[in-house]
Amino acid sequence: MGSTEDLDYPQIILQYNNGFLVSKVMFTACELGVFDLLLESGDPLSLDVIAARLGTSTTGMERLLDACVGLKLLSVELTQKGALYRNTEISNIYLTKSSPKSQYHIMMYYSNTVYLCWHYLTDAVREGRNQYERAFGVSSKDPFGAMYRSEEEMLKFLAGQNSIWGICGKDVLTAFDLSSFTWIYDLGGGGGALARECVSLYPNCTVTIYDLPKVVQVAKDRFIPPEEQRIAFHEGDFFKDSIPEADLYILSKILHDWDDDKCGQLLAKVHQACRPGGGVLLVESLLKEDRSGPVETQLYSMNMLVQTEGKERTPAEYSKLLVAAGFREVQVKRTGKLYDAVLGRK
């Protein structure tokens with residue numbers, strides 16, 4: 001490890017300080033439709049054309065485009081007629097709405113919802129609870145009631161989660177060979193992107209999305225095509241209602257929303273419902289055992305503080321919860337991506 005003289009403290013602090021500014025530039029360009037316009041045009045466009053088509057000032061748009069060039073989200077070509085802007089490959093893939101790997105929806109959710117909660121991070125640290133009451137004036141006692149406080153908010157959240165699984169779904173579902181599990185329940189399956197990935201990877205399985213009635217309705221209406229015969233739906237609250245029998249239960253980004261007691265209650269219900277020889281697959285962002293990283297997971301855990309009742313955990317902590325609920329042969333697979341997989345067997 002290098003000495004303290006090796007560290008450029010002013011530069012490090014400046015980069016951290018600018019993190020908020022960087023993300024807001026990207027969010028704003030997405031929200032205004034900069035990347036979509038440039039993709040649809042097929043040709044590089046001038047500042048005046050972009051500002052006119054998107055209904056913005058040239059003064060503001062010029063600064064936004066230049067910042068996007070600096071962030072390598074756009075490229076610029078200087079011609080005799082002036083500067084012409086085009087998307088970089090990363091913007092075409094991840095920042096345009098029409099791309100299969102688009103992250104547009106999760107970015108809009110962060111920009112319009114998550115960031116408002118993070119404004120009260122200091123209060124969250126002092127109090128140890130989420131900040132929905134301060135941010136939106138709704139009760140913090142029901143995190144998902146707050147997240148789903150309107151149909152618009154619910155749609156943003158579900159579409160955002162779907163965009164994550166569009167990138168990470170295959171990695172977590174192939175971390176273990178799940179081909180022996182044919183009857184699968186996706187608890188809290190939301191918009192169904194992980195369920196769709198699962199039936200694509202494992203053609204012999206059927207997946208039932210178990211979620212709140214209003215979530216199931218949105219999934220049926222907006223995300224799961226009616227011709228998809230291998231995905232079914234079950235309306236309910238898995239804390240209050242019974243959980244049907246299945247071979248495998250997928251809990252993707254579920255346990256990190258809740259404290260250990262609630263996680264234990266849910267896993268005990270899952271174990272009771274699970275067929276002998278079946279299992280449960282946890283999909284979560286795992287901390288290192290010494291909690292020294294990854295930094296993304298540490299930041300996610302802060303997000304759990306401002307938005308939920310839960311936290312991110314280490315493999316040992318998830319294993320302990322599974323064993324306490326009755327599961328055995330707990331295995332952990334790190335994918336090397338944002339989310340990892342933990343499998344327990346009954």
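Arg 291 is found in the loop between strand E8 (274-284) and helix H14 (295-307). Helices (H or I, at least four residues) and strands (E, at least two) are DSSP runs, numbered from the N terminus. The phi of Arg 291 is positive, about 65 degrees, although Arg 291 is not a glycine. Arg 291 counts as partly exposed because its relative accessibility is 38%. Buried means under 20% relative accessible area, exposed over 50%, and partly exposed in between (1.4 Å probe, protein chains only).

This is a predicted model, in which local features need pLDDT of at least 70 and side-chain atom pairs count only at pLDDT 80 or more, while totals for chains, interfaces and linings use all residues. Residues are numbered from 1 along each chain as its sequence is written, and side-chain values use heavy atoms, with hydrogens and water left out.

**Backbone features**

Pro 294 is in the loop between E8 and H14. A cis peptide bond joins Gly 293 and Pro 294, with omega at about -10 degrees. Glu 329 has a positive phi of about 45 degrees, and Glu 329 is not a glycine. Glu 329 lies in strand E9 (residues 328-333). At 52% relative accessibility, Glu 329 counts as exposed. Why do these spots deserve a look? Most residues other than glycine have a negative phi, and most peptide bonds are trans.

**Salt bridges**

Side chains of opposite charge can pair when their charged atoms come close. A salt bridge here is a side-chain nitrogen of Lys or Arg within 4 Å of a carboxyl oxygen of Asp or Glu. The count comes to 13 salt bridges. Among them are these:

| Pair | N to O distance |
|---|---|
| Glu 127 and Arg 129 | 3.3 Å |
| Glu 127 and Arg 134 | 2.8 Å |
| Lys 156 and Glu 153 | 2.8 Å |

Glu 127 is partly exposed, with a relative accessible area of 34%. Arg 129 is partly exposed at 35%. Arg 134 is partly exposed at 37%.

Are Lys 156 and Glu 153 buried or exposed? Lys 156 is buried, with a relative accessible area of 16%. Glu 153 is buried at 9%. The two residues are three residues apart in helix H10 (residues 151-173), so about one helical turn separates Lys 156 and Glu 153. Elsewhere, salt bridges that share partners join Asp 123, Glu 127, Arg 129 and Arg 134 into one network.

**A charged patch**

Which residues gather in a patch of negative charge on the surface? They are Asp 142, Asp 259, Asp 261 and Glu 309. Patch residues have over 30% relative accessible area and no salt bridge, and like charges are joined within 9 Å. Glu 309 lies in the loop between H14 and helix H15 (315-325). Glu 309 is partly exposed because its relative accessibility is 31%.

**UniProt annotations**

UniProt annotations may be inferred rather than shown by experiment. An unreviewed UniProt entry lists His 256 for "active site". His 256 is in the loop between strand E7 (246-252) and helix H13 (260-273). His 256 is buried, with a relative accessible area of 5%.

The unreviewed entry places "domain: O-methyltransferase dimerisation" at residues 15-96. That span is 65% helix and 17% strand, and its end C-alpha atoms lie 26 Å apart. The annotation "domain: O-methyltransferase C-terminal" (unreviewed entry) covers residues 118-328. Over residues 118-328 the chain is 47% helix and 17% strand, with the end C-alpha atoms 38 Å apart.

Definitions and conventions. Patch = residues over 30% accessible without salt bridge, like charges linked within 9 Å, V, L, I, M, F, W, Y side chains within 5 Å. Areas by Shrake-Rupley, 256 points an atom, 1.4 Å probe, with all protein chains shown as cover. Lys, Arg positive; Asp, Glu negative; His and termini not counted. Charge placed at Lys NZ, Arg CZ, Asp CG, Glu CD.
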